[in-house]
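This briefing covers the fold of one chain, its contact with a second chain, and some local features of that second chain.

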Amino acid sequence: MAEARAPTLDRPELPELDQESISLGMWIFLASEVMFFGALFAAYIIYRNAYPQVFAEASRHLNVWIGGVNTGLLLTSSLTVALAVNAAQLGKRKLLIAFLLLTIVLGLIFLGLKGLEYSQEFEENLFPGRNFIYPGPEPEKARLFFSLYFTMTGLHALHMLAGLLTFSIIVLLAWRKKITQENYISVELAGLFWHFVDIVWIFLFPLLYLIGRT
Amino acid sequence: MSTIALDRYRQNYLNISYTAKSWLLSTDHKRIGILYMISITLFFFLGGIAAVLFRLELLTPQADLVKAETYNKLFTLHGVIMVWFFLIPSIPSVLGNFLIPLMIGAREVAFPRLNLVSWYLFMLGGLFTFVVLITGGVDTGWTFYTPYSSSFSNSAVVATIFGVFITGFSSIFTGLNFIVTIHKLRAPGMKWSRLPLFIWSHYATSLILVLATPVLAITLGLIAIERVFGVGIFDPALGGDPVLFEHFFWFYSHPAVYIMILPGMGVTSEIIAAFTRRRIFGYTFVAMASLAIAIIGFLVWGHHIFVGGQSAYASAVFSGLSYMVAIPSAVKVFNWTATLYKGSISFDTPMLYALGFIWLFTIGGLTGLFVASLAIDVHVHDTYFVIAHFHYIMVGASVMAYLGGIHYWWPKLSGRMYPEGWGRAAALLIFFGFNLTFFPQFLLGYMGMPRRYHVYAEEFQVLNVMSTAGASILAVGYLLPLAYLLWSLRTGSIAIASPWGASGLEWQTGSPPPMENFEEIPIVTEEAYTYRPESS
């Protein structure tokens with residue numbers, strides 16, 4: 001009855017969600033993200049099928065070395081995230097912070113290199129804005145390739161930024177001893193997100209950089 | 001139980017606090033449902049005003065009220081507001097939010113704070129879009145077809161897209177919340193086979209919300225990129241393909257139609273069971289039909305592109321798949337009808353709405369088969385036939401179900417009874433007004449009147465006058481519930497816990513429910529819709 005409860009909006013008896021529910025929520029969100037990127041991949045595949053030569057030729061204007069190094073960096077960062085999750089599970093706070101910082105550094109190097117690559121492409125007038133100049137044949141169709149390239153890698157970079165921001169917050173919380181073995185779930189969720197971002201890149205790299213180099 | 005329910009001073013979710021902060025920062029699923037109800041009612045009447053204006057314009061064949069550009073902006077405003085800011089959130093965000101935890105015996109949704117964030121995203125996107133539509137306006141139609149939207153339109157396309165984009169996140173988070181809630185927070189004994197059909201249909205809806213909305217987001221994003229940077233992803237002059245846009249757009253927007261209708265089917269199932277006092281005939285089939293509609297609904301988008309330059313082979317496949325959606329839809333209609341057979345039927349307001357739903361959904365669904373067949377679609381494409389068809393589903397059926405649900409659960413939402421006489425009168429008025437508005441449009445379309453023009457040939461005038469007359473009746477019909485439901489908040493008689501004697505956990509707690517929904521989490525021991533004695 002009413003007397004038994006103080007009339008308050010704070011309800012400490014809210015369901016304590018088990019970790020399974022929380023990660024189910026994350027997986028559903030990732031399914032949503034797959035559809036988000038999926039549409040872009042579909043657009044890419046359709047246009048590549050329509051203009052295979054132009055896309056192959058345009059792809060050779062990308063810097064495969066930076067792309068390759070970045071792939072290595074991102075894969076390594078997935079390893080460090082997995083190790084961070086493990087450290088959080090075991091309650092090893094310092095190890096957790098160390099691995100997360102390592103991940104953040106790897107991510108920042110990736111974004112730095114990506115920025116360098118973008119600036120090179122801007123200088124070569126490959127950005128499909130108003131100053132777009134393409135030396136090869138069929139520049140309009142090549143421009144489609146670069147539109148998709150900048151959209152896809154740009155969205156990927158935004159997702160990385162979100163991941164890095166989350167990791168920074170977790171590092172801060174861990175520093176203040178707010179992350180414990182019992183609530184390590186936030187580390188795991190951020191890790192899941194990071195692995196997803198990683199997998200997107202695993203598809204982006206061959207499709208955008210390697211496909212014209214056979 | 002009844003002594004508790006009759007105690008009007010009992011603590012409940014409404015009287016626990018009256019401050020603005022306690023509403024605007026509430027993570028209570030019931031309060032968030034009410035916030036959505038107020039917001040979408042606002043959007044409904046804003047979108048409705050646009051409809052009134054263009055129906056007035058269509059009273060005569062000449063242009064007398066608005067210019068062509070204004071007319072374009074009016075129907076775009078109507079479409080954008082009604083689709084994204086009324087229909088999609090209508091039943092899921094209001095009744096779904098309020099009822100899903102109550103129906104499965106939970107105290108909350110899985111992620112209460114995310115739920116509140118969803119409402120803020122919805123309001124942010126909605127108000128932003130509305131300001132854009134009022135100040136600048138968009139003339140592309142709610143479908144944003146390229147290359148018009150990407151290369152030619154001079155209206156505020158990017159800003160509108162941005163508003164819709166933000167609101168998409170609200171959809172995704174709501175769907176996510178519902179799926180996890182239904183999976184993880186069911187009361188002890190609430191097996192999947194015991195879930196009310198309202199829950200099944202919301203589960204199916206949530207799957208679509210989560211999987212289709214992101215595709216819309218990226219598609220609209222590509223238009224924005226195209227407009228801002230001048231690239232040609234959908235521009236044929238630059239190597240792009242405008243039909244690709246149509247594929248992407250309808251990959252979301254066709255399933256979105258099922259986002260609008262599936263929750264209505266859930267509401268109808270609840271009402272039919274309560275007012276026939278029978279278990280829904282073929283419960284399992286009705287539940288599975290919701291999932292089948294959601295799944296097949298993802299595979300039919302190409303039927304919007306029969307005349308858009310799609311290959312004949314693809315069109316034939318999409319046509320066949322579209323026919324397949326009719327099977328689970330018909331399963332539902334037949335099973336509702338079979339439930340009526342030998343039921344103890346009472347014609348209270350919610351039941352009138354539910355029967356209206358079945359009637360209008362059947363007409364809308366059958367004419368859907370017309371437009372899904374390749375040859376007839378060529379004839380009626382882009383005519384008022386299509387307008388009438390989808391309004392029968394989206395307005396006729398969905399809004400009927402929404403209003404039916406609002407009346408059925410009004411005692412639970414507000415703790416008061418609505419005036420029954422007024423309720424029945426409004427339900428009949430809406431049914432009549434709706435048919436008078438939209439049935440003539442089937443004829444107009446079949447005779448060849450194209451959609452989206454503010455002037456038309458002389459011979460179409462009689463039917464257009466009928467349609468406009470119907471729209472005025474419909475407008476009165478929609479204003480009536482707004483008036484008497486508000487009135488009932490002060491003067492309606494106090495509702496008991498279960499005024500309809502219906503089954504379902506939501507009726508086993510007080511009206512309105514206490515903040516924590518149930519004093520003790522119920523234990524479920526029987527199937528949904530167990531009415532005793534079972535009618536012969």
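Of the 214 residues in chain A, 35% are buried. The model is predicted.

**Chain A overall**

- The secondary structure of chain A consists of six helices and zero strands.
- Read from the N terminus, the order of elements in chain A is α-α-α-α-α-α.
- Chain A is more spread out than a compact globule, because its radius of gyration is 22 Å, well over the 17 Å that the globule rule gives for 214 residues.
- The C-alpha trace of chain A spans about 80 × 40 × 30 Å along its principal axes.
- Among the contacts in chain A with a separation of 6 or more, 77% are between residues 24 or more positions apart.

**Interface between chains A and B**

- On the chain B side, 38 residues are in contact with 33 residues of chain A.
- Three helices of chain B each supply at least two residues of the side that touches chain A: H7 (157-184), H8 (197-229) and H9 (242-276).
- H8(B) gives the largest share of that side, with nine residues.
- By residue class, the side of chain B that touches chain A divides into 23 nonpolar, 10 polar and five charged residues.

**Helix packing in chain B**

- Helix H5 (residues 112-135) of chain B packs against H7(B), with axes that come within 8 Å and cross at roughly 160°.
- An angle over 145 degrees counts as roughly antiparallel, so H5(B) is roughly antiparallel to H7(B).
- The crossing of H5(B) and H7(B) is left-handed.
- The residues of the contact of H5(B) with H7(B) comprise 13 nonpolar, 11 polar and no charged.

**B:Met288**

- Helix H10 (residues 283-297) of chain B contains B:Met288.
- B:Met288 is partly exposed because 15 other C-beta atoms lie within 10 Å, whereas a buried residue needs 20 or more and an exposed one has 12 or fewer.
- B:Met288 and B:Ala204 are 84 residues apart along the chain, and their C-alpha atoms are separated by 9.3 Å.

Methods. Residues numbered from 1 in each chain as written. Chains lettered and ligands numbered in written order. Predicted model: local features only at pLDDT ≥ 70, side-chain atom pairs only at ≥ 80, totals over all residues. Contact = placed C-beta atoms within 7 Å. Helix = DSSP H or I, 4+ residues; strand = E, 2+ residues; numbered from the N terminus. Nonpolar A, V, L, I, M, F, W, Y, C, P; charged D, E, K, R; others polar. Axes fitted to C-alpha atoms, helices over the stretch in contact; angles between N-to-C directions. Parallel < 35°, antiparallel > 145°, perpendicular 65-115°, else oblique. Left-handed = near helix turned anticlockwise from the far one by under 90°. Rg over C-alpha atoms; globule rule 2.2 N^0.38 Å.
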